[in-house]
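Subject: Structure for your files

Hello,

Below is the structure I promised to pass on, with my notes after it. Please read the notes with the model open.

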Amino acid sequence: RLDAVRYRYTSKDEKDLPFTINVFNSKKQNQNVITLEVESNENCNMGFSKIERLTIAMNSGGADIEVLKKGNNNVEIDQGNNMILWHVSNIKEEGNAVLSFASEKI
């Protein structure tokens, strides 16, 4: 059994979003460092009581990835499909989650 939910919701009001994703890019020792932060929106108009098992999929572009920080969350590197899969267990309980990874090619 595969549990998956995909949704598309269009709004111009940020209060409608159950979470936000912030992306930061920096350089460190000849590598590009990408830091992602997923943050729960406590003022969400949609009334989500919890957000569990959130997976964020990113294309790695075939680059060798070094995970620098993942907190209590699981990260999978799928080399065959050039994907980074970041699994966040419960964004409401944690408030936010942070993933940092580095690569020379990204």
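Gln-29 is exposed, with a relative accessible area of 74%; exposed means over 50% relative accessible area, buried under 20%, and partly exposed in between, using a 1.4 Å probe and protein chains only. Gln-29 lies in the loop between β1 (19–28) and β2. Its phi is near 50°, a positive value in a residue other than glycine. Asn-30 is found in that loop between β1 and β2 too, and has a phi near 65°, again positive in a residue other than glycine. Asn-30 is exposed, at a relative accessible area of 73%.

Some ground rules. This is a predicted model, in which local features need pLDDT of at least 70 and side-chain atom pairs count only at pLDDT 80 or more, while totals for chains, interfaces and linings use all residues. Residues are numbered from 1 along each chain as its sequence is written, and side-chain values use heavy atoms, with hydrogens and water left out.

Confidence

The chain averages a pLDDT of 81, and 86% of the residues score at least 70; pLDDT is the predictor's confidence in each residue, from 0 to 100. Confidence is highest in strand β5 (residues 74–78), at a mean of 90, and lowest in helix α1 (residues 91–94), at 72.

Layout

The chain has 1 helix and 7 strands. Helices (H or I, at least four residues) and strands (E, at least two) are DSSP runs, numbered from the N terminus. From the N terminus on, the order is β-β-β-β-β-β-α-β. Of the 106 residues in the chain, 33% are buried. Among contacts between residues at least 6 apart in sequence, 63% join residues at least 24 apart; a contact means heavy atoms within 4.5 Å.

Strand pairing

An open sheet is formed by 3 strands in the order β3-β6-β5, with antiparallel pairing; two strands pair if DSSP finds at least two bridges between them. Its edge strands are β3 (52–59) and β5, each of which pairs on one side only. Neighbouring strands of this sheet are turned by 15° against each other on average, direction ignored. That angle is taken between axes, which are lines fitted to C-alpha atoms (for helices over the stretch in contact), and angles run from 0 to 180 degrees between N-to-C directions. Strands β3 and β6 (residues 83–90) pair in the antiparallel sense over 7 bridges, and Glu-52 has Asn-90 in β6 as its bridge partner.

Strand β7 has pairings of its own. With β2, β7 pairs in the antiparallel sense over 8 bridges; there, Val-98 in β7 is the bridge partner of Glu-37. Strand β4 (residues 66–69) is joined to β7 by 3 bridges, and the two run antiparallel. In this case, Glu-66 has Ala-102 of β7 as its bridge partner.

Inside β7

How many of the 8 residues of β7 are buried? The number is 6, so β7 is largely enclosed by the rest of the structure.

Ala-97, in strand β7, counts as buried at 3% relative accessibility. Leaving out residues up to four places away in sequence, Ala-97 touches Leu-36, Glu-37, Val-38, Asn-73, Trp-86, Val-88 and Ile-91. The C-alpha atoms of Ala-97 and Gly-71 are separated by 7.0 Å, with the two residues 26 apart along the chain.

Ser-103 is also in strand β7, and is buried, with a relative accessible area of 1%. Its side chain reaches the backbone oxygen of Asp-64 at 3.1 Å. Not counting residues up to four places away in sequence, Ser-103 touches Gln-31, Asn-32, Ala-63, Asp-64 and Ile-65.

Nonpolar core

The largest nonpolar core has 18 residues, and those with the most contacts inside it are Leu-36, Val-38, Leu-54, Met-58, Trp-86, Leu-99 and Phe-101. Such a core is a set of buried Ala, Val, Leu, Ile, Met, Phe, Trp, Tyr and Cys residues joined through side-chain atoms within 4.5 Å. At least two of its residues come from each of β2 (31–40), β3, β6 and β7 (96–103). Beyond its neighbours within four places in sequence, Val-38 is in contact with residues including Phe-19, Ile-21, Leu-54, Ile-56, Trp-86 and Ile-91.

Regards

How values were computed: A polar contact is a pair of N or O atoms within 3.5 Å; within protein, one must be able to donate a hydrogen and the other to accept it, and residues adjacent in sequence count only if both atoms are side-chain atoms.
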